[in-house]
Amino acid sequence: MDRKLRVAVHKFSSCDGCQLAFLNAGEKLVELFELADVVHFAEAGIVDPDAPAELAFIEGSISTHEEQERIRRIRENTRFLVPIGACATSGCLQALRNQADAARWFADVYSDPSKIDHLDTATPIAANVPVDLELWGCPVNTRQVMATVSSLLLGAPPRDDNEKICME
Ligand code: SF4
């Protein structure tokens, strides 16, 4: 490829802790910005959610109708899609609603739940669109994330089994 790899980091329902895996990477993050074209990473001030990318990291579960539509658009615009962290790979805390009467929970919390965009379930990314690799952890491990980025920048497939395991 004669141009830089386009990389995106997208947020869905989550606490933002896994995006910190990038922001905590220090010099490695600076290297990433030099080697790759980061097209969307809202927490780093880069906002273009519909930008096509070769590699997209996804934080968070799918918990609203808007998120359901957005992850489908991202899948269409992305070559290699990697959910990161427990929210994106299992649903995490948001998925507690899956065992309950979600409509009743929302009615108990909000005076007018019809104004809140929500699904009755919170699901991992893989339950909504095909994914290429998952990085597990809560939060995901910074070294694990940067190792995956490095492998893909070098044109080497990440090692699936190892990448799924938190390395700390
Ligand atoms: Fe936050 Fe954990 Fe979800 Fe990451 S997996 S966004 S750290 S709750």
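Leaving aside its neighbours within four places in sequence, which residues is Ile84 in contact with? They are Cys18, Phe57, Ile58, Glu59, Leu135, Val140 and Val145, where contact means C-beta atoms, placed from the backbone, within 7 Å.

This is a predicted model, in which local features need pLDDT of at least 70, side-chain atom pairs count only at pLDDT 80 or more, and totals for chains, interfaces and linings use all residues. Residues are numbered from 1 along each chain as its sequence is written.

Buried means 20 or more other C-beta atoms within 10 Å of a residue's own, and exposed means 12 or fewer.

Helices (H or I, at least four residues) and strands (E, at least two) are DSSP runs, numbered from the N terminus. Helix H3 covers residues 65–77 and reaches 19 Å from its first C-alpha to its last.

| Side of H3 | Residues |
|---|---|
| Buried | Glu67, Ile71, Ile74 |
| Exposed, turned away from the buried side | His65, Glu69, Arg73, Glu76 |

The buried residues of H3 fall within an arc of 60 degrees seen down its axis, so they line one face of the helix; the arc is that of the directions from the helix axis to the C-beta atoms. Their cover includes strands S1, S3 and S4.

Key
Two residues are in contact if their C-beta atoms, placed from the backbone, lie within 7 Å. The expected span of a helix is 1.5 Å times one less than its number of residues.
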